[in-house]
Amino acid sequence: MKKIAVLPGDGIGPEVMKEAIKVLDAAQEKYSFELEYEYADVGGIAIDNHKTALPQATLELCENSDAVLFGSVGGPKWESLPPDQQPERAALLPLRKHFDLFCNLRPAKVFPSLTKSCPLRPDIVGDGFDILCVRELTSGIYFGTPKGREGQGPDEFAFDTMRYKRSEIERIARMAFDAARLRNKKVTSVDKANVLTTMVLWREVVMEVARDYPDVELNHIYVDNATMQLVRYPQQFDVMLCGNMFGDIVSDEAAMLTGSMGLLASASLNADKFGLYEPAGGSAPDIAGKGIANPIAQILSGAMMLRYSLGQDDAADAIDGAVGATLAKGIVTADLTSDRESAVTTVEMGDAIVAELLAR
Ligand code: NAI
Ligand code: MG
């Protein structure tokens, strides 16, 4: 029995979470494993009920769980709070820090039936693609010291420090190779080893780690070329391994190639493979309460949780497959079609995916 902390949050969070739980329930039935869910407040609703975006009880629940399934937080109601008390900042950042979630996984997948939503030309997108960005999240140039500003006038200067420890590179590289083993066994390490000393070490360490994964193919690519190749021939990539800054850029570019916010899942993991799983989008206040949000990003976040934290990759594959098959039947929520009449509701999408999963 694995324990899951379920934190639906605000806006569409609770609506899409309900569908994700429904799909996880069906997966348990079909693949004979057991999850125990415990719910807690986070974000704006926690501010309303407990005066803080991350109550102690919520944090303790996460500590006592095997994984966290997170919805989305925030909304207009809390926008007038000081920046450090805003739901996103005051809930997500402390969670990332507290659990040392240094590994950010962001899949960018174009389903064959949705290639039209991809901004690339049809001859380039073909039948779609399936990339996993593995981004280091807690070190690199965003956190390296010293950083600062000195001097005055035309001589004033500013500086940041890109710094990576061998151990930091090694642990994120292992995550990427482990993830590749659960996918198509190919890692492309994104660096700039031709100009940055940090990236020379990065490449060295990645090559050392690769020796422990002879079954996984390793390539290296400079970051500038990586951004070009993503729009030229995205099918060449399986897992893209990146440091913090390059991963920020590359994962956003890859996400936009999928063309839809409502499909993007994400995960943040630590060395024990404890993880926080959440949709890449926010609480979508513009459509909250209308029952039209796309639950797929939350459902696929649940599938990632099964794959990366709970070791249930057959069930995860089945959920991914059920989502693809549902979309292939032309069943889509309002965000995926211009024909509003034909769009299904949040609940109908969840039901369709459950039916597809149980029929497999
Ligand atoms: P957003 O992602 O909530 O919305 C952007 C657009 O995408 C909206 O038009 C929305 O309707 C649409 N959208 C997002 N998810 C969707 C889904 N599942 N189905 C259909 N349409 C979807 O970003 P926005 O508007 O910038 O932020 C709204 C609130 O969410 C803010 O309070 C922000 O701070 C918070 N936020 C929270 C995040 C988190 O919890 N991790 C991440 C990003 C924003
Ligand atoms: Mg970004």
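Let's start with isoleucine 4, which sits in strand E1, residues 2–9. Keep in mind that this is a predicted model. The confidence is given as a mean pLDDT of 96 for the protein chain, with 100% of its residues at 70 or more.

Is isoleucine 4 buried or exposed? It counts as buried, because 23 C-beta neighbours lie inside 10 Å, and the cut-off for buried is 20 or more. So who does isoleucine 4 touch, if we leave aside its neighbours within four places in sequence? Its contacts include Leu35, Glu36 and Tyr37, and also Ser65, Asp66, Ala67 and Leu69. For a look across the chain, take isoleucine 296: it comes 292 residues away in sequence, and the two C-alpha atoms are 19 Å apart.

Now let's zoom out to the sheet. It is an open sheet of 10 strands with mixed pairing, and the order reads E2-E1-E3-E12-E11-E4-E5-E10-E8-E9. Which strands stand at the edges? They are E2, residues 35–39, and E9, residues 217–222; each has a single partner strand, so one side of each has no neighbour in the sheet. From one strand to the next, the twist averages 20 degrees.

Here is one pair to find on your screen. Strands E11, residues 265–269, and E12, residues 275–279, run antiparallel and are joined by five bridges. Within that pair, alanine 267 has tyrosine 277 of E12 as its bridge partner.

Last stop: helix H8, residues 223–232, packs on the sheet and touches strands E8 and E9. The direction of H8 makes about 105 degrees with that of E9.

Methods:
Residues numbered from 1 in each chain as written. Chains lettered and ligands numbered in written order. Predicted model: local features only at pLDDT ≥ 70, side-chain atom pairs only at ≥ 80, totals over all residues. Pairing = 2+ DSSP bridges. Helix = DSSP H or I, 4+ residues; strand = E, 2+ residues; numbered from the N terminus. Axes fitted to C-alpha atoms, helices over the stretch in contact; angles between N-to-C directions. Contact = placed C-beta atoms within 7 Å. pLDDT = per-residue confidence, 0-100. Buried ≥ 20, exposed ≤ 12 C-beta atoms within 10 Å, placed from the backbone.
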